[in-house]
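Here is a short report on a protein model.

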Amino acid sequence: MLHYLGTRLLRATVSVVMVVTFVFIVLRMSGDPAVVIMGADAPPEAVDAFRTAWGLDQPIWVQYLSFFKAIFSGDLGQSMRDGRDAVAVVLERVPSTLALTVPAFLLNVGIGIPAGVYAALHRNTAIDRFVMVMAVTGFAMPSFILAMLLVLVFSVNLGWLPSAGQDSWLNAILPIVTMGFGGAALLARFTRSAMLEVLGQSYIRTASAKGLSWSAVVWRHALQNAAIPTVTIIGFMLGGLVAGAVVVESVFSWPGVGRLLVVSVSNRDLAVVQAIVLMIALTMVAANFVVDILYGLLDPKMQSQTRPARA
Amino acid sequence: MAFVQIRDMSVAFGSAPALRGISLSVERGEALGLVGESGCGKSITWLAALGLLPRSAKVGGSVLLDGVELIGASPSVLEPVRGGRIAMIFQDPASSLNPVHRIGHQIAEALALHRGLTGAPARAEVIRLLDQVGIPDAKTRANAYPHELSGGQNQRVMIAMALAGEPELLVADEPTTALDVTIQAQILDLLGTIRRDTSMGLVLISHDLGVVSETCSRIAVMYAGRIVEQAESAAIFANPSHPYTRGLLGAMPPISGPRQKLVSIPGSVPEASRMPQGCAFAPRCSEAIADCTRVDPAAVTVEANHLAACIRATPAKTGTRTPERVLA
Ligand SMILES: Nc1ncnc2c1ncn2[C@@H]1O[C@H](COP(=O)(O)OP(=O)(O)OP(=O)(O)O)[C@@H](O)[C@H]1O
Ligand code: SF4
Ligand SMILES: [Mg+2]
């Protein structure tokens with residue numbers, strides 16, 4: 001198990017370095033931040049002065065190295081817009097984003113998994129078909145379209161819920177539902193197929209042949225096995241949730257990290273974008289690390305180093 | 001009355017008949033071999049009897065266990081029977097055990113169900129059972145996961161799990177097919193030993209007449225969802241009365257003596273959805289006559305306790321042609 005954890009930790013570190021490097025390169029190749037910040041009409045001397053002040057005149061590898069140095073000292077620079085600490089700018093948006101993503105994630109798991117299990121256990125019944133239609137719809141429909149539909153129905157036509165802003169908890173409902181539905185649909189589909197796969201296995205027949213009731217077979221023998229591939233999907237889903245937050249926060253004008261990212265990218269506010277990307281990367285890597293640990297706990301093959309013995 | 005009495009059992013998946021009227025009985029403590037090519041319905045005969053087929057399977061006929069009907073029985077009737085009176089082990093031991101549970105736990109489950117054992121007594125019994133089936137270092141091995149054991153050891157675990165419920169009958173469905181030859185012999189030996197030590201009956205399913213004849217006193221030969229011949233093992237070898245049985249015997253390698261070319265039966269088993277008219281074996285039968293494609297042959301008594309379902313089988317002098325369902 002220790003060896004297992006060690007390799008996962010190493011993998012996680014490499015992932016972080018790669019993501020940060022990638023963003024560093026892409027951002028600097030897509031436009032000159034000095035020009036973007038100062039405006040295209042700014043006098044060249046002002047642009048040059050800006051470059052010197054922000055270290056943008058240094059060779060790119062110097063910028064790169066100093067960036068890594070800054071990360072380890074916890075200093076990600078200042079927002080180029082207002083000169084505030086980039087990390088602080090990002091952190092103050094985090095609670096707003098968590099207020100959407102945590103309930104959305106709970107919806108994903110709380111609806112997706114039971115719906116998938118139920119559909120698998122009642123394969124080819126009306127309920128199974130209903131779940132699958134919902135799942136395919138939720139999976140195929142881009143989240144901004146679902147968001148528009150929800151706004152149209154619940155804000156414009158019925159007038160029940162606000163469509164934008166962050167005035168009360170009512171504002172959170174539509175964005176949460178938008179994100180919750182897509183993820184639940186994805187998870188329901190995967191859970192259903194994982195469950196069907198497991199139910200067709202020989203050891204399920206063995207468990208029945210042993211005399212266990214069907215519910216005991218499902219609870220004790222099927223669910224843990226079906227959880228193994230499902231947990232992997234949940235890991236991927238977290239990435240989808242972050243991407244979803246960017247879209248949904250923009251549509252609903254929700255002042256979270258996602259919207260900050262969109263605004264900062266279009267402003268070439270390098271320090272803020274890098275802080276966000278680093279935070280997202282760390283979150284994702286941490287989430288996948290947790291998934292790996294869960295995986296190791298669920299699947300004994302992952303942790304065991306015993307070689308098969310001879311008969 | 002026989003311990004298990006199967007009468008005119010049929011199984012269909014959709015419109016394709018997989019079992020077409022099986023009648024077979026197993027006496028208490030008896031060792032019966034069930035032989036036939038892949039796909040002839042050996043496994044589903046016993047899966048259907050225990051109600052273990054998917055819901056899509058349509059099962060007809062009757063299976064009486066000590067006079068109690070199992071076909072269509074409720075879970076409260078079937079669950080104590082499964083593992084408690086009739087246990088079943090399967091072809092591929094590696095995939096027949098749950099990969100996420102320790103083997104000791106999987107055996108203990110059967111102990112709790114059928115003997116009410118839990119905690120320390122269950123633990124002790126698990127170790128005793130593992131010992132009995134020849135797993136070395138049973139105490140440690142009880143904590144192993146299936147992937148930490150070899151195929152042969154996993155099959156021993158399956159046998160231990162089957163023994164846990166102290167069943168009256170063990171149905172071993174090709175228990176050695178997935179194992180190497182030396183391990184095969186060990187597992188068959190083990191089944192023999194257990195039968196000597198307990199009064200447990202055995203149904204040994206195999207496609208190998210040789211394997212079955214060593215262990216079983218009676219043999220039933222299946223072809224395309226039917227039993228085409230059944231008799232004492234010796235009688236099957238001495239007087240094989242169905243051309244398919246003769247074909248199987250011809251395909252058996254001689255146990256000793258010079259290697260000779262094996263005569264395998266030409267052609268292949270008909271698909272369930274395209275059963276030929278008349279005798280299902282007719283397209284492959286070298287002895288077929290015109291009538292074979294018209295009449296579906298009923299079982300004939302060729303000698304005492306020896307039935308064959310071939311219109312060319314010669315009935316014993318006293319025997320009369322009787323429909324299969326009445327005889328068995
Ligand atoms: N779940 C199922 N759905 C559809 N058809 C099935 C199912 N299970 C078995 N069959 C069909 O029933 C027939 C008999 O299957 P069975 O497993 O009993 O064969 P078998 O004699 O045990 O063969 P083998 O030696 O390969 O184990 C086969 O033709 C198979 O295709
Ligand atoms: S009935 Fe005819 S075809 Fe069938 S086994 Fe006998 S001889 Fe062959
Ligand atoms: Mg089989």
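## Salt bridges in chain B

B:Arg115 and B:Glu125 join their side chains in a salt bridge, at 3.0 Å from N to O. A salt bridge here is a side-chain nitrogen of Lys or Arg within 4 Å of a carboxyl oxygen of Asp or Glu. B:Arg115 sits in helix α4 (residues 103–115) of chain B and B:Glu125 in helix α5 (residues 119–132) of chain B, so the pair ties together parts 10 residues apart in sequence. B:Glu125 is buried, with a relative accessible area of 10%. B:Arg115 is partly exposed at 26% relative accessibility. Buried means under 20% relative accessible area, exposed over 50%, and partly exposed in between (1.4 Å probe, protein chains only).

B:Asp66 also forms a salt bridge with B:Arg85, with the closest N and O atoms 2.7 Å apart.

## How the model is read

This model is predicted: local features need pLDDT of at least 70, side-chain atom pairs count only at pLDDT 80 or more, and totals for chains, interfaces and linings use all residues. Residues are numbered from 1 along each chain as its sequence is written, chains are lettered from A and ligands numbered from 1 in the order written, and side-chain values use heavy atoms, without hydrogens and water.

## The ligand site

A polar side-chain atom of B:Ser38 lies 2.4 Å from an oxygen atom of ligand 1. The backbone of B:Lys42 places an N or O atom 2.9 Å from an oxygen atom of ligand 1. Such polar contacts are pairs of N or O atoms within 3.5 Å.

Definitions and conventions
A polar contact is a pair of N or O atoms within 3.5 Å; within protein, one must be able to donate a hydrogen and the other to accept it, and residues adjacent in sequence count only if both atoms are side-chain atoms. Helices (H or I, at least four residues) and strands (E, at least two) are DSSP runs, numbered from the N terminus.
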